[in-house]
Amino acid sequence: MKVVVIGCGKFGVRVSEYLTRKNHDVTIVDNDKETFHALSGEFTGHTICGVGYDREVLKEAGVAAADVLISCASSDSLNAVIASIAKNIFHVPTVIARMYDPVRAKMFESMGIYTVSITRLGVENIMEYLEENKSWRVIRKLGNEDVQLVKVRVPVSLEGTKLADLTVEGRMQPVALERHGQSMLPAEGLCCEYHDMLYLAVSRDYLVQARERLQL
């Protein structure tokens, strides 16, 4: 994955070093170049000195092609601004923001921005979330759990595939598609694009076959 981390404090250092150990492409941004001295020799990513909410700085960091942006700057307000820019302007698929205010955290989660608060602060939380949301996530189990609502990030192999062609009668049904922050219902001729978020209703006994069919 290509990851942009905003803030080179203790938490930013930890998560950046962890991600580079896992062979992810990491760029860390901070407005104080002295903070980069805290990175150990195992950090093999890139550093950029600049203001994390500056769009030109974000562009330089490669946010337009990023799979994930993690904002762990020093204040909730700053993280809120950066997360909003990443989600709504650059349409980064996965945005994570550190929040100390539980009310603000709840608001941002309702907008599709995952938050890490003081009650669940840790690299492990972020990594669990990223692994869970990388390509496939069961977001709701309906009734007796025989039908599950699944959120899928469309892989490049499915680009151009019609949603109608993903229907398996009685087993799998496209429900909605999210593209650049806009959601839409399946319509005749609607095709998948790379990095779309696809929502599917899948029967419990078809989950394994569904992943195979979606090439995940």
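**Notebook: cores, a helix and a surface patch**

I began with Val 4. Setting aside neighbours within four places in sequence, I found Val 4 in contact with Thr 27, Val 29, Ala 61, Gly 62, Val 63, Ala 66, Val 68, Leu 69 and Ile 70. I note here that the model is a predicted one.

Next I looked up another core, which lies apart and has 19 residues, among them Val 152, Leu 158, Met 172 and Tyr 206.

I then turned to the largest nonpolar core, which has 20 residues. Val 4 is listed among those with the most contacts inside this core, together with Ile 6, Val 29, Leu 58, Leu 69 and Val 92. I checked which elements supply at least two residues each, and found β1 (2–6), α2, α3 (76–88) and β5 (94–98). The largest share, 5 residues, comes from α3.

I went on to α3 itself. This helix has 13 residues and reaches 18 Å from its first C-alpha to its last, close to the 18 Å expected at 1.5 Å a residue. I listed its buried residues as Asp 76, Asn 79, Ala 80, Ile 82, Ala 83, Ile 85, Ala 86 and Lys 87.

Last, I looked at the surface. Val 51, Tyr 53 and Val 81 form a nonpolar patch there, with about 240 Å² of accessible area together. I placed Tyr 53 in the loop between β3 (46–49) and α2 (55–60). Why can Tyr 53 be called partly exposed? I call it so because the relative accessible area of Tyr 53 is 44%, and partly exposed covers values between the 20% limit for buried and the 50% limit for exposed.

Terms used
Residues numbered from 1 in each chain as written. Predicted model: local features only at pLDDT ≥ 70, side-chain atom pairs only at ≥ 80, totals over all residues. Heavy atoms only, no water. Patch = residues over 30% accessible without salt bridge, like charges linked within 9 Å, V, L, I, M, F, W, Y side chains within 5 Å. Areas by Shrake-Rupley, 256 points an atom, 1.4 Å probe, with all protein chains shown as cover. Salt bridge = Lys/Arg side-chain N within 4 Å of Asp/Glu carboxyl O. Helix = DSSP H or I, 4+ residues; strand = E, 2+ residues; numbered from the N terminus. Buried < 20%, exposed > 50% of the residue type's maximum accessible area, 1.4 Å probe, protein only. Core = buried A, V, L, I, M, F, W, Y, C linked by side-chain atoms within 4.5 Å. Contact = heavy atoms within 4.5 Å. Expected span 1.5 Å × (residues − 1).
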